[in-house]
Amino acid sequence: MKEYKVEGHASSFLPEGKEWKMVWNDEFDGKELDKTKWDFRTHMMGKRHRTWIEDEGIELDGNSNVVFKCIEKDGEICSCQLQTGYNYMDAPHKDDGDCWGGGLVWPIGKFKKHKFVHGHGYYECRCKLQKKEGWWSAFWVQSPTIGCCDDTEIAGVEIDIMESFHPGKIVKHNVIYNGYGEDYKAVSVGGGDLDVEEWHTFGLLWDETGYTFYMDGKEDGHSDGPMTHREEFIIISTEVNGYRAKERRASEQAKLAVGDEFVVDYVRVFDEI
């Protein structure tokens, strides 16, 4: 990997054999989230997820990090998700009930203008993983129109660069396509165990050969498809266990995770020159 220095911040390490320029980034400087770059993801399938909250579940610590927290609010165990764009299926609808109670409603809600979408390039996040069971973290990109048809070049895909459902455990990197219903499909590669006390980097090289994944500057698997021509948006997400179960309530482990943190140092996107 080739070092790419960012003044005053940790360096990136980018794939060799190419020249790179940084085209989008957030170093999380200052004390307030840059809402020209990020929005909170609060809805799924058109309906409000009552534990995906805004503002209270994150803070910028003044040391160029954004801290995601597992918190208790109004009797629920909650956390935050940040995104740079929007999936059309998530658009808020006037029927603002349980997002698990039947899925997409019609007509869908109002479209929003994306803050940042992108295609081929190198995507990287540096973070410290959560330390307690009961919630999970992820860094991924998603198509605004995934699942609109079975042609991935048109509909796009979901690319899971990092998902950690248990402290220190990185599950396989996924390329998900054909939406989230009966036609759902996925290609999975890589994964492994990491130290939760240390900083780690997770990268995706998305190019004409497919999707190559990196952990801590080392290649960790490649998928040669399915390919997409759709520009996609970035999501950093945390979620509490239990609300996807039939009971729709926090697990006992989630209750014990209150106060735990998932910390992100930066998110960067690079283009080949």
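M45 sits in the loop between β5 (43-44) and β6 (47-48), where strands, like helices, are DSSP runs numbered from the N terminus (E over at least two residues for strands, H or I over at least four for helices). Its phi is near 55°, a positive value in a residue other than glycine. The model is a predicted one, in which local features need pLDDT of at least 70 and side-chain atom pairs count only at pLDDT 80 or more, while totals for chains, interfaces and linings use all residues. Residues are numbered from 1 along each chain as its sequence is written, and side-chain values use heavy atoms, with hydrogens and water left out.

N178 is buried at 16% relative accessible area; buried here means under 20%, exposed means over 50%, and partly exposed covers what lies in between (1.4 Å probe, protein chains only). Then there is the cis peptide bond from G225 to P226, with omega near 5°. P226 belongs to the loop between β21 (218-223) and β22.

Next comes strand β13. Of the 8 residues in this strand (residues 135-142), 8 are buried, so β13 is largely enclosed by the rest of the structure. In a regular strand, side chains alternate between the two faces of the sheet. For β13, both faces are covered: W135, S137, F139 and V141 are buried on one side, and W136, A138, W140 and Q142 are buried on the other. As for its partners, β13 runs antiparallel to β22 (residues 233-240), with 8 bridges joining the two; strands are taken to pair if DSSP finds at least two bridges between them. Within that pairing, F139 has I236 of β22 as its bridge partner. Strand β14 (residues 158-164) also pairs with β13, again in the antiparallel sense, over 6 bridges. There, Q142 stands opposite E158 of β14.

Two buried polar residues in loops come next. E27 lies between β3 (20-26) and β4 (39-40) and is buried, with a relative accessible area of 5%. Its side chain makes a polar contact of 2.8 Å with that of R268. Such a contact is a pair of N or O atoms within 3.5 Å; within protein, one must be able to donate a hydrogen and the other to accept it, and residues adjacent in sequence count only if both atoms are side-chain atoms. Setting aside neighbours within four places in sequence, E27 is in contact (heavy atoms within 4.5 Å) with V6, H9, S64, N65, D265, Y266 and R268. R268 also lies over the face of Y266, at 3.5 Å from the ring centre; the criterion is NZ of Lys or CZ of Arg within 6 Å of the ring centre and within 35 degrees of the ring normal.

N65, one of the residues touching E27, is in the loop between β8 (58-60) and β9 (66-69) and is buried at 8% relative accessible area. Not counting residues up to four places away in sequence, N65 touches several residues, including F28, W199 and V263.

On the aromatic side, there are 10 pairs, where rings of Phe, Tyr and Trp (its six-membered ring) pair if their centres lie within 6.5 Å, with planes under 30 degrees apart counted as stacked, over 60 as edge-to-face and the rest as tilted. W24 and W38 make an edge-to-face pair, at 5.5 Å centre to centre and 75° between the planes. This pair links distant parts of the chain, 14 residues apart: W24 is in strand β3 and W38 in the loop between β3 and β4. Both W24 and W38 are buried. W206 and Y211 form a tilted pair, with 6.2 Å between centres and 50° between planes, and both are buried. W24, F28, W38 and F116 make up one aromatic cluster. The charged end of K37 sits over the W24 ring, 5.8 Å from its centre.

Finally, the cysteines: the structure holds 0 disulfides, a disulfide being a pair of cysteine sulfur atoms within 2.5 Å. The sulfur of C127 is 4.4 Å from the closest cysteine sulfur, that of C125, which is too far for a bond. C127 is buried at 0% relative accessibility. For C148, the closest cysteine sulfur is in C149 at 4.1 Å, again too far for a bond. C148 counts as partly exposed, at 40% relative accessibility.
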